[in-house]
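User: Walk me through reading this structure, feature by feature. I would like the general idea each time, then the case at hand.

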Amino acid sequence: MVIDSDSDFFKLACAVPLQNATTTTLAKYGVELLVRRDDLIDAGLSGNKAYKLFYNLRAARDAGHSRLLSFGGAYSNHLHALAMAGVRYGFSTLGVIRGERPQHLSPTLKDAEQAGMQLIFISREEYQHKAFTRLLEEWNSQFGDFYLIPEGGAGLLGARGMTLTGRALEAQLKGDYTAVCVACGTGTSLAGLAVGLTAAGRNDKPALGFSVLKGDGDLGTGIAETYRQLCAKNNELGDDRWQNAANWRLISGFHAGGYGKKHPSHLFDFWRTFEQETGIPLDPMYTLKMMWGIHCLARQGYWSRGARIVAIHSGGLQGRRGFVCP
Ligand SMILES: *Cc1c(COP(=O)(O)O)cnc(C)c1O
């Protein structure tokens, strides 16, 4: 990944393999599944977190910053990616973690610390209330100036990076697909993907976001807002007519109990079967739930026969460590 060049980044996105993953179940319903292996773009820094960091890193560097700060939990794919990006692009990194420093760090945080990330632990209460103003001042005087990246790489710059997946996919398949699926936490990736498809002239193919959150409340409102701003402010599309385009949908009901909750046994069964049949590893928090959702929808007759579904593999495989996997 080269943060200086949009066109190199786009080339990289266009070279992402599309792997056939039509399982027995999907075949039964006449549905073809392609997995866009964005988890493979790089050994250390991959998945949607790499896309979401791209313009953030560029903005930080352009503003003359040499230090980055962001937030996350003990298994955060985002903080992991940020630590890796710091090493690669010469930033020092600060990771603010929810909760006390545990006796044994998670594999994620061990990696991050080894990569030079300075870990700052704050109480859950402080984290919850996002009472950061005072803390940010404290960190500022303690560590010096830093560039702040929102939790999970959310925000406009993050979404903008994800537009590359939509544009690249269209360049690869030229409309020969029915819908594109992505796992959804903050919805930043979904918004970016949808804008990317629209930017590529594919407003007729829906981007479907599978929410991993139990109460996704006003997630849709946030996605619509990101979509609108991405079209207007950053001028990703250079055309205000697209501001109200609605080529995305949020799909709830496949959160399997909610984020970070223990998986029910049928989800484990699905996980095992999927990986055995396709050879594609899934992460427990996001891509597993999306894939499960795609299969449930097949049983419900949501996809018509002959549908060709693309699923974005948004990475997160580092999060498998410390998790009981199939
Ligand atoms: C963070 C993450 C997501 C969710 O991305 P959002 O842009 O927050 O919706 C999906 N998949 C994986 C593997 C992730 O790490």
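Analyst: Start with a charged pair. The side chains of Glu-170 and Arg-202 form a salt bridge, 3.0 Å from N to O. A salt bridge here is a side-chain nitrogen of Lys or Arg within 4 Å of a carboxyl oxygen of Asp or Glu. This is a predicted model: local features need pLDDT of at least 70, and side-chain atom pairs count only at pLDDT 80 or more, while totals for chains, interfaces and linings use all residues. Residues are numbered from 1 along each chain as its sequence is written, and side-chain values use heavy atoms, with hydrogens and water left out.

User: Where in the chain do Glu-170 and Arg-202 sit?

Analyst: Elements first: helices (H or I, at least four residues) and strands (E, at least two) are DSSP runs, numbered from the N terminus. Glu-170 is in helix H8 (residues 156-173), and Arg-202 is in the loop between H9 and strand S8 (207-211). The two are 32 residues apart, so the pair links distant parts of the chain. 

User: Is Glu-170 buried or exposed?

Analyst: Buried means under 20% relative accessible area, exposed over 50%, and partly exposed in between (1.4 Å probe, protein chains only). Glu-170 is buried, at 10%.

User: How many salt bridges does that rule give?

Analyst: The count is 18. Among them, Arg-101 pairs with Glu-113 at 3.1 Å, N to O. Arg-101 lies in the loop between strand S4 (92-98) and helix H5 (107-114), and Glu-113 lies in helix H5, so this pair ties together parts 12 residues apart in sequence. Arg-101 is partly exposed at 45% relative accessibility. Glu-113 is partly exposed too, at 33%. Arg-61 also bridges Asp-62, with the closest N and O atoms 3.1 Å apart. Here Arg-61 is partly exposed, with a relative accessible area of 33%, while Asp-62 is exposed at 56%. Bridges can also join up: Glu-32, Asp-176 and Arg-308 are linked in a network.

User: What is the nearest side chain of opposite charge to Lys-49, and how far away is it?

Analyst: For charge, Lys and Arg count as positive and Asp and Glu as negative; His and the chain ends are not counted. The nearest opposite charge to Lys-49 is Asp-283, 8.2 Å away. Lys-49 is buried and has no salt bridge. Lys-49 lies in helix H3 (residues 47-62). Its side chain makes a polar contact of 3.3 Å with that of Asn-48. A polar contact is a pair of N or O atoms within 3.5 Å; within protein, one must be able to donate a hydrogen and the other to accept it, and residues adjacent in sequence count only if both atoms are side-chain atoms.

User: Which residues come nearest to the ligand?

Analyst: A residue is near a molecule if one of its heavy atoms lies within 4 Å of it. Of the 16 residues around the ligand, Lys-49, Lys-52, Thr-186, Ser-189 and Ser-314 come nearest. An N or O atom in the side chain of Lys-49 is 2.8 Å from a ligand oxygen. A polar backbone atom of Gly-185 is 2.8 Å from an oxygen atom of the ligand. A polar side-chain atom of Ser-314 is 2.6 Å from a ligand nitrogen.

User: Which element gives the most to the shell around the ligand?

Analyst: H3 does, with 3 residues.

User: What should I note about the backbone at Lys-174?

Analyst: Most residues other than glycine have a negative phi. Lys-174 has a positive phi, near 45 degrees. Lys-174 lies in the loop between H8 and S7 and is exposed, at 61% relative accessible area.
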